[in-house]
Amino acid sequence: MEAIISLLLVVGLATGQPFPPPSPACDIPAIYNFGDSNSDTGGIAAAFYPPGPPSGETFFKRPVGRASDGRLIIDFIAEKLGLPYLSAYLDSIKANYTHGANFATGGATIRRVNESWFEHDVSPFSFDIQVEQFNQFKDRTTYLYNQAKDDSQRQNLPRPDSFMKAIYTIDIGQNDLAYVFRTMGVDASRDAILDIVEQFANSIRQLYGKGARAFWIHNTGPIGCLPVTHTKVVNPAAGYLDEIGCVAGQNRIANEFNEKLRAKVVQLRSDLPKAILTYVDMYSAKYQLISKAKDLGFKEGFTICCGYHDQDNDIYCGNKGKINGSEVFAGSCKDPTKVISWDGVHYSDAANRWIANQITYGLFSDPPLSVIEICPENKGANKLSLAPIRLNSNLTPLT
């Protein structure tokens, strides 16, 4: 899979450099994150039931509310910016919001859907609700900060002037596609894409209205490559799977969603003149990882570390179930660092590290800026995005 990378061709011709010279690094004091389980650092665990062992075993050595054996991509972004890992907004125990907050929850969607966490693992905290939570968070923390009589009362609160300097990261949309696949079918699901993307844009506009200026927006990944889906495929018809074994129809819809999302981001650059909006091609980064798994030191791309899944059975990571009449525990594999998929849906710490190393340098971004360069001072970089070019699929971005 080729990764679409936009750059200013005239700069490359004039300087001989593959990308424009880097912009000045930004002073980014905080991250405010919105999304689903791909970036949830404990929100849905605080709201409902927390995941038990072996979740978190590789890095944190205990369950910490993340759908992984360790860190998520948002954790690596925080590391890149020199910031602490984000506390979940819904988790009140020992939370520290000095450097941002995480409003993401597992199962979250862009559009509200008429399903529940108990039926299809759908979060009640859709993107618009997360934005409303942010609005309340900003208003209340600003009031408390300004009313505080000394620094001890400001402990764990963000500085009011940090909201405009913060980076706003968004990774959501995969569950919307899963919902329309489940309720409408793959072919009919494209009819919902425009409305999903428009509702996404409305939430971005609301954040902008509350002072957000620097946006880091992930597109949706190759949903047709999820191993839990791959295990259900038996004797597929010609063309049902693509060249690496992913469900082609689901990935086509994911790409259509991403194309509409990218076009909407371009439109928002005109609509929101004080913002810098960076579109990150997460799809290509993840697809490259899966397609080149063995070359990159991983096992085959559809291997699942934790959980038991086949055509007829699903025992999710950390749960017990019966297979052929015998009770089994769906534990983890011997070495999660060699596996891309942690639980059939979410990525391992090692895979998230690899992906984060690619995207944070700006090689999958439009405009091609590193995450440390995303601030209003570099807003002129939005104009760098002219005609897209494609990386040769044999090239691997620098790590």
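The dialogue below takes up a helix, its charged neighbours and a pocket.

Tutor: A word on the source comes first. This is a predicted model, in which local features need pLDDT of at least 70 and side-chain atom pairs count only at pLDDT 80 or more, while totals for chains, interfaces and linings use all residues. Residues are numbered from 1 along each chain as its sequence is written, and side-chain values use heavy atoms, with hydrogens and water left out.

Student: Which residues of helix α3 are buried?

Tutor: Buried means under 20% relative accessible area, exposed over 50%, and partly exposed in between, with a 1.4 Å probe and protein chains only. Helices (H or I, at least four residues) and strands (E, at least two) are DSSP runs, numbered from the N terminus. Helix α3 spans residues 73–80, and six of its eight residues are buried. These are I73, I74, D75, F76, I77 and A78.

Student: What do the buried residues of α3 pack against?

Tutor: Contact here means heavy atoms within 4.5 Å. The partners are the strands β2 (31–35), β4 (167–171) and β5 (214–218), together with the helices α11 (282–291) and α12 (349–359). Just after α3, G82 has a positive phi of about 70°.

Student: How many salt bridges does a search of the whole structure find?

Tutor: A salt bridge is a side-chain nitrogen of Lys or Arg within 4 Å of a carboxyl oxygen of Asp or Glu. The search finds 16. One of them joins R71 to E79, with the closest N and O atoms 3.2 Å apart. R71 counts as buried because its relative accessibility is 6%, whereas E79, at 35%, counts as partly exposed.

Student: Where do D349 and R71 lie?

Tutor: These two side chains meet in a salt bridge of 3.0 Å, N to O. D349 lies in helix α12 and R71 in the loop between α2 (43–47) and α3, so the pair ties together parts that are 278 residues apart in sequence. D349 is buried, with a relative accessible area of 6%.

Student: Is D366 buried or exposed?

Tutor: D366, which is found in strand β11 (residues 365–366), counts as buried because its relative accessibility is 3%. A polar contact is a pair of N or O atoms within 3.5 Å; within protein, one must be able to donate a hydrogen and the other to accept it, and residues adjacent in sequence count only if both atoms are side-chain atoms. The side chain of D366 makes such a contact with the side chain of R262, at 2.9 Å.

Student: Which element gives the most to the lining of the largest pocket?

Tutor: On a 1 Å grid over the protein atoms alone, a pocket is an open set of points where a 1.4 Å probe fits, with protein on both sides within 12 Å along at least five of seven lines; lining residues have an atom within 4 Å of a point. Helix α7 gives the most, with six residues. The lining comprises 45 residues, of which H120, D121, Y316, V345 and H346 lie nearest the centre of the pocket.
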